[in-house]
Amino acid sequence: MIKMAENANNYPPRFNNAAYDTVALAASAGGLTALTEVVSTLPADFAAAIVVVQHLDPRHRSLMAEILSRRTGLNVKQAEEGDLLAPGTVYIAPPNNHLLVNSDGTLSLSQSELVHFLRPSADLLFESVAGSYKDRAIAVVLSGTGTDGAMGVGAIKKMGGTVIVQDEKSAEFSGMPTAAIQTGNVDFVLPLAEISSALVTLVMAND
């Protein structure tokens with residue numbers, strides 16, 4: 001069991017043995033395959049919390065948490081209002097809800113207006129993670145159409161965080177990765193098969 005490390009204000013919570021506390025993943029079309037690949041290959045003792053925005057049909061209940069939990073040693077749950085981020089846990093935005101990470105390490109759900117016709121929005125998730133976790137945040141943009149996430153990666157970079165994007169060749173749909181890359185705010189452009197090992201290298205580097 002990984003315990004939270006104390007820091008000066010205890011906000012947001014810092015995790016022991018983690019160089020980064022939060023990894024925010026965003027995907028749209030083709031995203032379930034990409035998310036499964038990344039999450040299923042992370043170790044059960046992964047030292048950061050993972051928050052996920054996947055664009056889903058708002059009219060249907062999401063089975064993503066059940067699907068992913070069968071394929072990984074990590075804890076996987078659909079995010080709920082007030083959840084406190086914990087290492088080794090994956091929190092998935094419910095359909096038709098924005099997912100936000102607060103400065104005390106808790107999660108908020110919002111049905112505020114659509115952003116670029118989307119709810120949940122990767123941009124809003126990334127911006128909230130950047131504001132709360134600053135240089136201890138990683139954003140990952142996976143397969144998807146459209147440009148969601150491109151504004152948000154700018155916020156991550158501005159606050160000193162790290163941005164990883166799935167390369168266009170391995171993405172089933174390259175719209176979101178391409179839009180993120182074109183911002184110039186990306187640290188690593190990687191094939192899908194290499195993203196989880198990069199996350200392990202970054203997060204588990206005991207600083």
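Buried here means under 20% relative accessible area, exposed over 50%, and partly exposed in between (1.4 Å probe, protein chains only). These views come from a predicted model, in which local features need pLDDT of at least 70, side-chain atom pairs count only at pLDDT 80 or more, and totals for chains, interfaces and linings use all residues. Residues are numbered from 1 along each chain as its sequence is written, and side-chain values use heavy atoms, with hydrogens and water left out.

**View 1. Q166, a buried residue in strand β10.**
Q166 sits in β10, and with 1% relative accessibility it counts as buried. Helices (H or I, at least four residues) and strands (E, at least two) are DSSP runs, numbered from the N terminus. Leaving aside residues up to four places away in sequence, Q166 touches A34, V141, L142, S143, A171, P177, L190, L192 and I195; contact means heavy atoms within 4.5 Å. The Q166 side chain also reaches the backbone oxygen of S170 at 2.9 Å. That is a polar contact: a pair of N or O atoms within 3.5 Å where, within protein, one must be able to donate a hydrogen and the other to accept it, and residues adjacent in sequence count only if both atoms are side-chain atoms.

**View 2. The open sheet of 7 strands.**
Strand order is β5-β6-β4-β3-β9-β10-β11, with parallel pairing; two strands pair if DSSP finds at least two bridges between them. β5 (75-78) and β11 (188-190) stand at the edges with a single partner strand each, so one side of each has no neighbour in the sheet. On average, neighbouring strands are turned by 20 degrees against each other, direction ignored. Zoom in on β9 (residues 137-141) and β10 (residues 162-166), and you'll find 4 bridges joining the parallel pair; V140 has I164 as its bridge partner in β10.

**View 3. Helix α5 across the strands.**
α5 (residues 175-182) lies across β3 (22-27), β9, β10 and β11, and runs at about 140 degrees to β10. Axes are lines fitted to C-alpha atoms, for helices over the stretch in contact, and angles run from 0 to 180 degrees between N-to-C directions.

**View 4. Helix α6 and its buried face.**
In α6, the buried set is L192, I195, S196, A198, L199, L202 and V203. Seen down the axis of α6, these buried residues fall within an arc of 160 degrees, so they line one face of the helix; the arc is that of the directions from the helix axis to the C-beta atoms. An α-helix has 3.6 residues a turn, so residues three or four places apart point the same way. The buried residues of α6 pack against β3, α1 (31-40), β9, β10 and β11, while A193 and T201 are exposed on the other side.

**View 5. H55 and its two side-chain partners.**
H55 is in the loop between β4 (49-54) and α2 (64-69), and its 16% relative accessibility makes it buried. Its side chain makes polar contacts with the side chains of S28, at 2.9 Å, and D148, at 2.8 Å.

N17, in the loop between β2 (14-15) and β3, has a positive phi of about 60 degrees although it is not a glycine. N17 is partly exposed, at 46% relative accessible area. N96, in the loop between β6 (89-92) and β7 (98-101), has a positive phi near 65 degrees, and N96 is not a glycine. At 22% relative accessibility, N96 counts as partly exposed.
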